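Please look through the sequence and the structure shown here. The paragraphs that follow take up one local question and then lead through the chain as a whole.

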Amino acid sequence: MVRFKKWYSSFTVLATVGLAHVLSTKAVEPEDILAPAIGPVVILPHASLAETYNDNVFYLTDENKVDDFVTSISPGVSLQYGQNLLDSNFIGLDYTLTQNWYAENSEINSDNHAVTFAINYQKQGKFKLSGTDSIRLDNTILSGRERSTSFIEGKRLVERSYFNDQYRFDYIFSPKTSLYTSLGYDAVDYDEKPHFYYTDVFGGRTPYALYDVSRLQGALGFGWQAFPKVKLYGGGFYGRTSVERNLSNMGVRPDSDFGGGFIEADGDFGEKLTGRIRGGYQTREFDGYANKKTSESHSLPVFQAELEYQFTPKRKGTLTYSREGRVSVQSPDRAYSADLISLNMTQEIGTLDNLFADAQLTYELDDYDTRDRQDQRISANAGLTYHFNSWSRFQANYNFSLYDSNQGNIDYTVNRVMLSLSVGY
């Protein structure tokens, strides 16, 4: 098996280089191979190869770090139904397989799958329908807020599935007024096996797992073109969070209902500033707490903003901030507030439109109101991207991640250096 994986990795590298050579030296158009069409359906194969150095593959505390080199190959294919690649009305389907091979820790080699469906249809001046569905099947080490222990049992792969579905329908009454409704669903479904073990004072070990948590949310609102370049939205939302346990010894946790209202401004806020700003309030009510001391509700202001500023024709920055209420996959009867702020800068280098530098800094704070727990996450990323042409590129990237919690021995830092080659539109 190891020999086969090494052969497959080498074959993928040679095939990628060979494809680039054929397309660049022969009278073959890239679209003939990388974007063939069968009637109105465009087929878009794509692949990437990455080599990464990771100084903490098990997300352990700094004194217990284990480093490794990781080879990742991600072949995939997209199908798009539409008049052309840039058509505003389309239906798209993508599948990507990501295989990770560790040089020294082969026990955590993994295959991960991702399927994405997207639709966009609009009739000018009448209505617009847009939506996405995504499914991820991951088999990796737990990290971040999913992590609960740094014991040796934490060095195992945990299978889980992520689901995310988002749909929105806008109906236009007039050039200035519209009505919209949206429906969203997201869920995480973990493997029904122990994810880690608790050790008591006598040395006994109790198996435990994370909870499966799903959320269904609907919204109804209106739009009003209050200013020539700014449109205002307002409305309300309502949803339900459902919880399921994965082991019989796990306690039953309550479902909860949540709802609230918001107002949003979307458009151009200046000559170089564009984006959207949303503010509102959310409250959550848990089921079955009549005879318990834990708080029955969790309320907080919610906020979302995404602003882009074009400093120069070649440099732009994006500021993103969000604040929302969630429930924990470790203890779903406890709500927490999650604040996230992210700053991204992109710079074009040179005059050939093929070399770009980018940097991103992200800070997240999770505050568990009823447990005196706070988790912090910091991520810094910097990289260079060189486009050989419109269908192939090379990337060099550095990433730093820090996770810090005031409860439990789950703090860690990770440094990664990655080189990757991608082919495909």
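Leaving aside its neighbours within four places in sequence, with which residues is Glu 192 in contact? In this predicted model, Glu 192 is found in the loop between S8 and strand S9 (196-199). Beyond its sequence neighbours within four places, Glu 192 is in contact with Asn 246 and Leu 247. The C-alpha atom of Glu 192 is separated by 9.7 Å from that of Asp 212, and the two residues are 20 apart along the chain. Glu 192 counts as exposed because its relative accessibility is 61%, and the cut-off for that class is over 50%.

The wider setting comes next. The chain has 425 residues, of which 38% count as buried. Two helices and 21 strands are found in the chain. Among contacts with a separation of 6 or more, 55% are accounted for by residues 24 or more positions apart. Confidence in the model is expressed by an average pLDDT of 87 for the chain, with 88% of the residues scoring at least 70. Over residues 1-8, however, the pLDDT is below 50, and this stretch has six contacts in the model beyond near neighbours in sequence.

A series of paired strands can be followed from S5 onward. Strand S5 (residues 110-123) and strand S6 (residues 127-140) run antiparallel and are joined by eleven bridges. Within this pairing, His 113 stands opposite Leu 137 in S6. S5 and S6 form a hairpin with three residues between the strands, and there Gly 125 takes a positive phi near 80°. On to the following strand, S6 is joined by 14 bridges to strand S7 (residues 158-172), again in an antiparallel arrangement. Asp 138 has Arg 160 in S7 as its bridge partner.

S7 in turn pairs with strand S8 (residues 177-190) in the antiparallel sense, over 13 bridges. These two strands form a hairpin with four residues between them, and Ile 172 has Ser 178 in S8 as its bridge partner. S8 also runs antiparallel to strand S11 (residues 212-227), to which twelve bridges join it.

Most residues other than glycine have a negative phi. Tyr 59, although not a glycine, has a positive phi of about 55°. Tyr 59 lies in the loop between strand S2 (41-54) and strand S3 (68-81), and this residue is buried because its relative accessible area is 14%, where the class requires a value under 20%. Asp 353, also not a glycine, has a positive phi of about 60°. Its place is in the loop between strand S17 (335-349) and strand S18 (355-368). Asp 353 counts as exposed, because its relative accessibility is 52%.

Terms used: Residues numbered from 1 in each chain as written. Predicted model: local features only at pLDDT ≥ 70, side-chain atom pairs only at ≥ 80, totals over all residues. Heavy atoms only, no water. pLDDT = per-residue confidence, 0-100. Contact = heavy atoms within 4.5 Å. Pairing = 2+ DSSP bridges. Buried < 20%, exposed > 50% of the residue type's maximum accessible area, 1.4 Å probe, protein only.
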